Amino acid sequence: MQQLRKIPVLIFALFGLSACSVINDTLLMEEVSDFSRGVVELSAVIESEFGLAEELNTLGFMDNLQFQLELGGHPETSYKPLFQAKDIAARKSVLAALDGYAEMLEAVTSGQSISSVYTSLSGAVGNLKSMSSDNFNIDHSLSLLNSNQLVVGLSLFDELLILPDRDKRLLPIVQQGDETLKKAAVLLYFDIGAPADQSNKCSYTVPKNDLDADMTSLRLCKGGLRAIVKNAIDFDANIWNDKLAQTSKSSVEISSVRRDAIKRVVNIQKFGLEFDKLLNETQMTLIAMVAAHKSISETLEAAEGMKTVSLSATLKGVVFKEKLRDLVKLLSAVREELSSLVNSFPATKSVRTTTLMSQNTGNKNVDQQ
Amino acid sequence: MSTSNEAALKKLQDALNALNSQSVSDLPSSQLANLEKGKAALYAEIQALQVMQMDERDADYTTLTTEFKNAKSELMNLSNWIAERKQRDQAIFSILSKGVSLALSLLA
């Protein structure tokens, strides 16, 4: 009987220990799950941005082509895409590999992908959970415990055996991942680039960046997607400026066409600002992604007793999630605006038609001046 | 980007800026068409050089892809290890739960 009285104490201790482990694991699982989803979404955003830049370049090419034809010129009609397949493939591969890493990380921490074993285990746990207090008379020494609670506590026992060892093995992989992820983030950050030089040194050399330092300290010279987008916007806006200049001395008949052209030249510039904001926010989200991954390492280190989990570390995951939510909204707005610009092509047609009509009816003020 | 590319980019940009600053309202259509053609050619060259700057990072991306794949592979090994451990622990767990059930029955 003496021995039996120790059972509730042991079970209580076991339950308490399980609960502690579950709290740590829940934090880790949440962090990893948010991170994994975030990475997949961010990868999709970056891929879309390359596509949008290509589409914008096409728009400029078509506007230029049409304007040259309107003027009776003989334009070069073969379109050369901005990016070659190999450039896109290199970026897609790293993004896909990053997605794979993030998803596997989530699978390891949640145990979801080890389906067959996990299903049978869930079955065993389920059977145990099906036991209820009705099966027992708890008038004796177990009366201090709720037996259902005990059953739930016991069902966590299997996790308790595995988690510490898992975390110990996971930590070096995630620490190594920290470095690789930062390298990828820096490369993508440079790829997105800057619309203008961010350092005085750019006029004669490339500023040296400490890649181990905080990514916010990076100073870029003009280049990358942001510069490409700015060039494309300037190019297209310039075409419309020239069209406006051509119609400035034309008859009142084409004032509506002029209005359309004015609207277009303003809209393309507004779109440029939005697109650049999207790209800049993507860079900020890449920084947040690196910080979120770092906080996973810190949570694992805390599980190993190497350090305590700080509130700021936990917040990094939240910041990444929030930034990503805003980024996805911004991408959707930019996509819609570009689509609206592309679809406003009939307005361009009316410029041409009206100009030609004016010329044919003897209104030759353009050519004669 | 190499210095020669940087210099080429600057020259092209200067040339495009010069064309853009031309007053076109008085130009005949044929000349304006040529001007637009010239601008398009310079623009295409500038964009190609900007993309070339990005091309230089292709090899780095390939290296990182391999690193991520290796990390994924290590995670896969860990996942398999967890699966094996769970199978083993399940057996222990089953014995323990039977023991607890037995103890509870004795107390009932």
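**Conventions.** I number residues from 1 along each chain as its sequence is written, and chains are lettered from A, with ligands numbered from 1, in the order in which they are written. The model is predicted, with local features needing pLDDT of at least 70, side-chain atom pairs counting only at pLDDT 80 or more, and totals for chains, interfaces and linings using all residues; side-chain values use heavy atoms, with hydrogens and water left out.

**Entry 1, chain A.** I took helices (H or I, at least four residues) and strands (E, at least two) as DSSP runs, numbered from the N terminus. From the N terminus on, the order in chain A is α-α-α-α-α-α-α-α-α-α. Chain A has 369 residues, of which 49% count as buried. I used buried for under 20% relative accessible area, exposed for over 50% and partly exposed for in between (1.4 Å probe, protein chains only). Among contacts in chain A with a separation of 6 or more, 83% are between residues 24 or more positions apart. Contact here means heavy atoms within 4.5 Å.

Of the chain B contacts with a separation of 6 or more, 65% come from residues 24 or more positions apart.

I looked at helix α6 (residues 224-247) and helix α7 (residues 255-303), both of chain A, which pack at an angle of about 175° with their axes 9 Å apart. The axes are lines fitted to C-alpha atoms, for helices over the stretch in contact, and angles run from 0 to 180 degrees between N-to-C directions. α6(A) and α7(A) are therefore roughly antiparallel to each other. The classes are roughly parallel (under 35 degrees), roughly antiparallel (over 145), roughly perpendicular (65 to 115) and oblique (the rest). By class, I noted 13 nonpolar, six polar and five charged residues in the contact of α6(A) with α7(A). Ala, Val, Leu, Ile, Met, Phe, Trp, Tyr, Cys and Pro count as nonpolar, Asp, Glu, Lys and Arg as charged, and the others, Gly among them, as polar.

I recorded K86(A), D87(A) and R91(A) in α2(A) meeting V51(B), M54(B) and D55(B) in α2(B). The contact of α2(A) with α2(B) has two nonpolar, no polar and four charged residues.

Over all chains, I found six aromatic pairs. Rings of Phe, Tyr and Trp (its six-membered ring) pair if their centres lie within 6.5 Å; planes under 30 degrees apart count as stacked, over 60 as edge-to-face and the rest as tilted. The ring centres of F61(A) and Y79(A) are 5.1 Å apart and the planes stand at 65°, so this pair is edge-to-face. F61(A) lies in helix α1 (residues 2-70) of chain A and Y79(A) in the loop between α1 and α2 of chain A, 18 residues apart. Y79(A) is partly exposed, at 29% relative accessibility.

F235(A) and Y43(B) form a stacked pair, 4.0 Å centre to centre with 5° between the planes. F235(A) is in helix α6 of chain A and Y43(B) in helix α2 of chain B, so the pair joins two chains. F235(A) is buried at 7% relative accessible area, and Y43(B) is buried at 6%.
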